Amino acid sequence: MVTKPREQWGTRAGFLLAAIGSAIGLGNIWRFPAEAYSNGGGAFLLPYLIALLTAGLPLLILEYTIGRKYRQSPPAAYRQLAKPAQFIGWWQVAICFVIATYYAVILAWAVRYVGFSVGQQWGGDPESFLFGDFLKLGEEPGTSSTYVSGVFWPLLFVWVAVLVILAFGVRRGIEAANKIFIPLLVVFFVALVIRAVTLEGASLGLDAFFSPDWDALTDGKVWVAAYGQIFFSLSIGFGIMITYASYLRRRADLTGSALVAGFANSSFELLAGIGVFATLGFLAASTGGEVGDVQGGLGLAFVAFPTIISNMPLGTLFGVLFFGSLVIAGLSSLISIVQVVVSAVQDRTGMARVPAVLVCGGAVALVSLVLFPTDGGLYLLDASDHFINQYGIALAALVSVITIAWVLRRLPSLQKDADATSAVRLGHWWKICLGVITPVVLGWMLVDALRQELSENYEGYDTGFLIWWGWGAAIGALVVAVLIALIPWRRPSDLPPEEGVPVVTDTQEPPAAPDERNS
């Protein structure tokens, strides 16, 4: 069978920058600081590190191994493991489709706030400006009567940028973009943190952030929060790392790459915590208040930080650095999310990259541009994000691990494949983590989340609204995945190569670069 050679990363560094760029996203900046502060402060770092070592890195290595071994997108890779398992891959693709539609919207807000930072256009009441003047938020969830042009145009800009980068391919597009994005993000964020820690009162915030509450370690919710942060910040569980690893060279170091990407992501989260809390300490000192409880997410980024920026010297520069960092971090993550969809359709249909980007990426962009730049867009975003994270990503990861470790019993063979080219060999701990610890923790997270879900409506939203836009997003992704998986792979050219059967290509795989041969 003659097949076109699969695209490859130009260098190992290019792959690592792309993987790190995918992992470092909005959640690193606005989710981790709040999670750490509310779960024991400095003491939270201990369960966080344990979660990284016992769940995050093992699952990351598993996804790298699957992607590199089968050199296919998630649906085709899972089909190689077992034909019925391909629905897991399509489930991950559907989850990425949903996430991409609203993730881009937050980037559009950040793009506008880069401009708003010049002159602090949010005035003296950033909360009213965000929800009123900017988003024009309606009073009732589920209804949309006004199209918000101030969100539409930056959102269109974001989507054009993402699709252009994807159209250039893995090496000339994604890799090249991340070689610019990640160093730029580091420069922006280091400058921001240096400015933050030199503000008057910064020590108040840092004390609040790092002061350990050791009693919190006896609280099971703190450990669940630590594992949840790791799962949601490493871009694992919804096909991104399988897709990115499918473009690796066959001799690429998997465990070493996972260690670099995992610790780089966690280091950035810690840096974000320092920057955020040093800034909150300044606010507390300047207003005579206390650091107080920290709310993560939109409130921190688009309400608390504009308030701080308005009260600090050189606030304009700080605002441009902060919101510029959000844009860069979010863009690298959004590119990786949409790439999962594009790659899956390419592998399934044989479509060339540019048409696949235009069709798939265009479809995601169209849904995004139609639903979210409205006066009800924030409600849709909030409900979809909550349910697709709790009952999409986490559940898909649980099903994937159980299928591979318990049902198919493929961990030993996958470990052998990873060890064959990796500098750090996997021991029994890897199989124990994936076979026991990860499923137990993910299962407990889902049970705990479902218990809270059934006790009261999320954010007090109407039940009908949550059924359509919350549960509908989560369950709909699974239903779509099952339906697509039932469609037979009819043509021989659609079939991924069977495991162990060599593929004859028109062009031989290019020789490995010097830094790749022994990596």
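## Surroundings of Gln 415

Gln 415 makes contact (heavy atoms within 4.5 Å) with Leu 426, Gly 427, Trp 430 and Lys 431, leaving out residues up to four places away in sequence. Gln 415 belongs to helix H18, residues 411–419; helices (H or I, at least four residues) and strands (E, at least two) are DSSP runs, numbered from the N terminus. With a relative accessible area of 9%, Gln 415 is buried. Buried denotes under 20% relative accessible area, exposed over 50%, and partly exposed the range in between, with a 1.4 Å probe and protein chains only.

The model is predicted: local features need pLDDT of at least 70, side-chain atom pairs count only at pLDDT 80 or more, and totals for chains, interfaces and linings use all residues. Residues are numbered from 1 along each chain as its sequence is written, and side-chain values use heavy atoms, with hydrogens and water left out.

## Overall architecture

The protein comprises 20 helices and two strands. Its radius of gyration, taken over C-alpha atoms, is 22 Å, close to the 24 Å that the globule rule gives for 519 residues, so the protein is as compact as a globular protein of that length. The globule rule is 2.2 Å times the number of residues to the power 0.38. Along the principal axes, the C-alpha atoms fill a box of roughly 70 × 50 × 50 Å.

Of the 519 residues, 57% count as buried. Among contacts with a separation of 6 or more, 86% are between residues 24 or more positions apart.

## The nonpolar core

The largest nonpolar core has 179 residues, of which Tyr 64, Trp 109, Trp 159, Phe 302 and Leu 334 touch the most other members. Helix H6 (residues 86–116) gives the most to this core, with 21 residues. Such a core is a set of buried Ala, Val, Leu, Ile, Met, Phe, Trp, Tyr and Cys residues joined through side-chain atoms within 4.5 Å. Beyond its neighbours within four places in sequence, Trp 109 is in contact with Phe 134, Leu 135, Val 151, Leu 298, Phe 302, Leu 378 and Leu 381.

Leu 326, in helix H15 (residues 315–349), is buried, with a relative accessible area of 0%. Not counting residues up to four places away in sequence, Leu 326 touches Leu 26, Ile 29, Leu 107, Ala 110 and Ala 301.

## Packing of H9 and H13

Helix H9 (residues 169–197) packs with helix H13 (residues 254–287) at an angle of about 35°, and their axes are 8 Å apart. Axes are lines fitted to C-alpha atoms, for helices over the stretch in contact, and angles run from 0 to 180 degrees between N-to-C directions.

On the H9 side, Leu 185, Phe 189, Val 190, Val 193, Ala 196 and Val 197 meet Phe 268, Leu 271, Ala 272, Ile 274, Gly 275, Ala 278 and Thr 279 of H13. The residues of this contact divide into eleven nonpolar, two polar and no charged. In this scheme, Ala, Val, Leu, Ile, Met, Phe, Trp, Tyr, Cys and Pro count as nonpolar, Asp, Glu, Lys and Arg as charged, and the others, Gly among them, as polar.

## Positive phi in two loops

Most residues other than glycine have a negative phi. Gln 120, in the loop between H6 and helix H7 (126–134), has a positive phi near 45° and is partly exposed at 22% relative accessibility. Arg 409, in the loop between helix H17 (377–407) and H18, has a positive phi of about 50°. At 65% relative accessibility, Arg 409 is exposed.
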